[in-house]
Amino acid sequence: MDSSVYPVTTGSLPNAAAVIQFPHQIPNEVKPAMPNNQYHLETLAVHAGVEPDPLTGAVMTPIYQTSTYAQTDVAQHKGYEYSRTDNPTRTALQKALAALEGGSHALAFSSGMAAIDTLLRLIKPGEHVLCGNDVYGGTFRLFDKILRPNGVEFSYVNTGNLEEVQQAVQAHTRLIWLETPTNPMLRLTDIAAIAAIARQQGAWLGVDNTFASPILQRPLTLGADFVVHSTTKYIGGHSDVVGGTIILNDTAVYEQLKYLQNAIGAVPGPMDCFLTLRGIKTLAIRIKQHCASARQIAGWLEDHPAVAQVIYPGLESHPQHELAQRQMADFGGMISFILHGGEAAARQLARHTHLFTLAESLGGVESLIELPAPMTHASVADSPLAVDPGLVRISVGIENTQDLITDLAQALHHIQ
Ligand SMILES: Cc1ncc(COP(=O)(O)O)c(C=O)c1O
């Protein structure tokens, strides 16, 4: 080994920082930062946040599997001191997420719920949150069972109805919170219109963009203050990692959230950040396939005699199809439907698919099927957000479309 290239130490160890060149002294020293606003989303997905590693030239972001960093002198470091506070693999992921959503800042978390919980710490007891009345069950559980008993006020409205929102906003409303499309009813909200109501009130608008992904819709560009993702879903895309993110533009609020991220500590590990970054590289191309197959499958289901109702924003029968065309680049990979045979038929269907795995979650390369009422949305049972027990939700993967239709056809055959 050439010791002029790789310093070898013998005997007593010198101060590590004296012999090791830190790769990330100035993250963009090697090349100027990528001008994110000049590239299309497909390009950003591959390149944003990622520079060849200055130490080795590694093209892919290294997994900095370390909890701590050597300091050159007391409290003198190279931008990284402890991995709860910052980690270079997480930095790269956060840059990529910010670029994709067109935001100035992103923070990564150990789960989507950790991201939402950290964001909600900005809301003080006595302040009011206006929340969409169709949201992920875990979000409702956090709001209703954890934050409400601590003094934060919540009310739930159909954010697709602007008048209802206008009437429900109160003087102490600090945050309007919504999903679009929602989980699991795939209802839409006009983000720009709600952003205008929030601004008028001096409240923030937070949008959980998990179902659309930034490839289909970028809420910050429509006036939202925060975008949140469960990166576990489309962004990670391979059902192999749990994570979350908050993306925003306001630097002062970002500083508060950065403080909370470190103080609370619900951060992702370096390996999780690496996996999420790797997933992001194919996000745009995966979303194209999810959407193409879902459009075809939704149309096919609508014509099937066993199916009573199909809910998919890309269908003309969807009550907000026009808004979907205006607000989204395509209609997504999620479909919900109800069978004539109700809950019993839905359970039979879920038992008989082969390619559609019966499992919670969504947004991965593989197709999944579930019944929200007893599964992902069990925590909204007996609440105003309760879901039809016969509702079936599918996450259309990137397998061959005809194979997926054949699988649904043979499973539906079992219930006729
Ligand atoms: C829309 C939405 N938001 C947030 C979450 C929570 O994310 P996580 O499971 O990564 O904590 C989920 C999980 O399914 C979700 O569907």
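Author: With that, Ser213 belongs to the loop between β5 (204-208) and β6 (226-230). Residue numbers start from 1 along each chain as its sequence is written. The model is predicted, with local features needing pLDDT of at least 70 and side-chain atom pairs 80 or more, while totals for chains, interfaces and linings use all residues.

Reader: What makes Ser213 stand out, given that it is not a glycine?

Author: Its phi is positive, about 70°. Most residues other than glycine have a negative phi, and most peptide bonds are trans. There are cis bonds too: Thr180 to Pro181 has omega near -10°, and Asn183 to Pro184 has omega near 15°. Pro181 sits in the loop between β4 (173-179) and α7 (191-201), and Pro184 is in the loop between β4 and α7 as well.

Reader: Why are β1 and β3 said to stand at the edges?

Author: Look at the open sheet of seven strands, ordered β1-β7-β6-β5-β4-β2-β3 with mixed pairing. β1 (105-109) and β3 (153-157) each have a single partner strand, so one side of each lacks a neighbour in the sheet. The twist from one strand to the next averages 20°.

Reader: How do you know that β4 and β5 pair?

Author: Pairing takes at least two DSSP bridges between two strands, and β4 and β5 have five, in the parallel sense, so they qualify. Leu175 is opposite Trp204 in β5. α7 packs on this sheet, touching β4 and β5, and its direction makes about 150° with that of β5.

Reader: And which strands are the edges of the five-stranded open sheet?

Author: That sheet runs β8-β9-β12-β11-β10, again with mixed pairing. β8 (307-311) and β10 (357-358) are its edge strands, pairing on one side only. β8 pairs with β9 (334-339) in the antiparallel sense over four bridges, and Gln309 faces Ile338 in β9. Helix α12 (342-352) packs on the sheet, where it touches β9, β10, β11 (368-370) and β12 (391-395), with its direction at about 130° to that of β9.

Reader: Why are α4 and α5 called oblique to each other?

Author: They pack at about 40°, axes 10 Å apart; axes are lines fitted to C-alpha atoms, over the stretch in contact for helices, and angles run from 0 to 180 degrees between N-to-C directions. Under 35 degrees is roughly parallel, 65 to 115 roughly perpendicular, over 145 roughly antiparallel and the rest oblique. The angle of α4 and α5 therefore makes them oblique. Contact means C-beta atoms, placed from the backbone, within 7 Å; here it involves Met113, Ile116, Asp117 and Leu120 of α4 with Gly138, Thr139, Leu142 and Leu147 of α5.

Reader: Which residues come nearest the ligand?

Author: Among the 15 residues around the ligand, Ser111, Gly112, Met113, Tyr136 and Ser230 come nearest. Being near takes a C-beta atom, placed from the backbone, within 6 Å. α4 (112-120) and α5 (137-147) are the elements that give two or more residues to that shell.

Reader: What makes up that shell by class?

Author: Four nonpolar, nine polar and two charged residues. Nonpolar covers Ala, Val, Leu, Ile, Met, Phe, Trp, Tyr, Cys and Pro, charged covers Asp, Glu, Lys and Arg, and the others, Gly among them, are polar.

How values were computed: Two residues are in contact if their C-beta atoms, placed from the backbone, lie within 7 Å.
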